[in-house]
Amino acid sequence: MSAFPSIAPPRAPSPTRTILVIGATGKQGSGMISSLVAANRQAKPYEPLPYRILAMTRTPAKYEALKTLPGLELVQGDMNDPASFEAVFREQGQGGIYGVFTCLAFPGLGKSADGELAQGKLAADLALKYQVGHFIYSSSEQGGDSESGPSPSHVAKMVIEAHIKDLSRTNPEFRWTVLRPSFFYENFDGVLGSVSETLLASSVQKGTKIQMVASEDVGPVARAVFEAGDEYKGALMTICGDILTPQEVNAIHKKVTGKPLSRIPGFVGSALYGMNAHAKNLVMHMERVHQLRLQDAAGYTANGDAARRAYPGLMTFESWILSKGKQRGGKREKNWNNLTMKELLKGET
C-alpha cells in the first residue's frame with residue numbers, strides 16, 4: 001500500500017461548476033457565496049445548478065446554517081496546515097475544481113504578514129497542481145506593481161501576485177486573474193469609521209480623490225470573471241465603485257442620512273497621524289495613487305474599466321449607504337474589522 005495519499009480520480013464533465021471559496025466566512029468570501037447562490041436560485045427546477053459551492057472553513061460546525069443555501073457544501077480546511085488544505089483539493093480530484101476564489105485574512109496594519117504570504121503562495125501552487133480551471137486571487141489596489149506599500153500585508157499581496165505570474169510563465173495553461181479592490185466603504189463604519197473620516201479629512205490633501213468600493217461587490221466581479229472564460233486570463237483588475245474626496249464622502253453621507261459622518265476629536269486624529277506610522281503610510285499611499293491616476297488617467301483607469309465591464313452593477317458610495325440603511329435599519333455596523341482606538345493610538349495596528 002502506498003505511503004502517499006491518493007488523489008481522487010478525475011470527475012466526469014458536468015454542467016455544474018465547482019467553485020472553492022477560500023475565506024468563505026469573511027466579507028469578500030460571503031459576497032462571493034451570495035453571488036454564486038443567486039445564480040443557483042435562478043436555475044429552473046428541472047435544470048442542474050450552475051454552481052457547486054465549496055465553502056472552506058476551519059470549523060464547519062459553526063456555520064451549519066450555510067448548508068441550507070442551494071448548492072453549498074461546507075468543507076474543512078486550515079490554510080495554516082498545508083496537509084489539511086491540500087486535502088480539500090485532493091478530495092475533488094485532478095480538474096475537479098473549476099474555480100478557486102482566494103481572499104486571505106488581513107493581519108492588521110503593521111503586523112507580520114508572513115502567514116498571509118505563505119497561504120497565498122500555497123493556494124496558487126495547489127490550484128496549479130490540481131488543474132483548477134481558473135484561479136482568482138483577491139489582492140488590493142496598490143497603485144502599480146512595486147513590491148512596496150503602506151503595510152506588510154500590502155507587500156505580501158504584491159509578492160503573492162508575483163508568484164502567481166511566475167507560475168503562469170512556466171505553465172501557460174494556468175488561468176488566473178488578480179482582483180485589486182480599492183478602499184472599502186466599510187472603512188467608514190464603526191470605530192474605524194470615525195477614525196477614517198477624521199484622519200482622511202484632516203490629513204489628505206485637498207482635492208485628493210480616493211478610489212473606493214463595497215466589499216460585497218468583489219464577489220459579483222469574481223463570478224463574472226469565472227463566467228467569462230479566457231477574457232480576463234492574466235488580468236490585474238482594479239475594482240472601484242466610486243472616486244471621491246473625503247469632503248465629498250461626508251457630503252454624500254449627509255445628503256442620504258441627514259447627518260454627517262461621525263468623527264473623533266480633531267486633536268486625536270492629529271495625534272493618530274503623528275503617532276501611528278501605518279496610518280501615515282496609508283494616507284501617503286492614497287496621495288500617490290491619486291497622482292498616478294492624474295498622470296496617466298487613461299492607462300491607470302483601464303483595469304478599473306475592465307472590472308466595471310465585467311460587472312456593471314458596482315455600487316457607488318451613495319447607493320451603498322442606501323443599501324446598508326435598508327439592510328440594517330439605518331444603523332452603522334460596529335467594529336467590523338475588530339479595530340480599537342487604543343490599538344490605533346498605540347500604533348499596534
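Modeller: Helices (H or I, at least four residues) and strands (E, at least two) are DSSP runs, numbered from the N terminus. This is a predicted model, where local features need pLDDT of at least 70 and side-chain atom pairs count only at pLDDT 80 or more, while totals for chains, interfaces and linings use all residues. Residues are numbered from 1 along each chain as its sequence is written, and side-chain values use heavy atoms, with hydrogens and water left out.

Colleague: In which loop is Gln-131 found?

Modeller: Most residues other than glycine have a negative phi, and most peptide bonds are trans. Gln-131 is not a glycine, yet its phi is positive, about 55°. Its place in the chain is the loop between H3 and E5.

Colleague: How many of the residues of E5 are buried?

Modeller: Buried means under 20% relative accessible area, exposed over 50%, and partly exposed in between (1.4 Å probe, protein chains only). In a regular strand the side chains alternate between the two faces of the sheet. His-134, Ile-136 and Ser-138 point one way from E5, Phe-135 and Tyr-137 the other way, and all are buried. E5 is therefore largely enclosed by the rest of the structure, with a buried count of five of the five.

Colleague: Which elements do the buried residues of H4 pack against?

Modeller: H4 has 19 residues and reaches 28 Å from its first C-alpha to its last, close to the expected 27 Å (1.5 Å times one less than its number of residues). Its buried residues include Ala-156, Met-158, Ile-160, Ile-164 and Leu-167. Those buried residues pack against helix H3 (114-129), strand E5 (134-138), E6 and E9.

Colleague: How many residues apart in sequence are the parts tied together by Asp-230 and Arg-175?

Modeller: A salt bridge is a side-chain nitrogen of Lys or Arg within 4 Å of a carboxyl oxygen of Asp or Glu, and by this rule the count comes to twelve. Asp-230 and Arg-175 form one, with their closest N and O atoms 2.9 Å apart. Asp-230 lies in the loop between H6 and E9 and Arg-175 in the loop between helix H4 (152-170) and strand E6 (176-181), so the pair ties together parts whose separation, in residues, is 55.

Colleague: Is Lys-324 buried or exposed?

Modeller: Lys-324 forms a salt bridge with Glu-216, their closest N and O atoms being 2.9 Å apart. Glu-216 is in the loop between E8 and H6, and Lys-324 is in helix H11 (residues 317-327), 108 residues apart. At 25% relative accessibility, Glu-216 counts as partly exposed. Lys-324 has a relative accessible area of 12%, so its class is buried.

Colleague: What is the relative accessible area of Arg-223?

Modeller: Glu-227 and Arg-223 meet in a salt bridge (3.0 Å, N to O). Both lie in helix H6, four residues apart, about one turn of the helix. Glu-227 is partly exposed at 43%. Arg-223 is buried, with a value of 18%.

Colleague: How far does the backbone oxygen of Pro-70 lie from a polar atom of the side chain of Asn-40?

Modeller: Asn-40 lies in helix H1 and, at 2% relative accessibility, counts as buried. Leaving aside neighbours within four places in sequence, its contacts (heavy atoms within 4.5 Å) include Leu-49, Tyr-51 and Pro-70. From the backbone oxygen of Pro-70 to a polar atom of the Asn-40 side chain, the distance is 2.9 Å.

Note on methods
A polar contact is a pair of N or O atoms within 3.5 Å; within protein, one must be able to donate a hydrogen and the other to accept it, and residues adjacent in sequence count only if both atoms are side-chain atoms.
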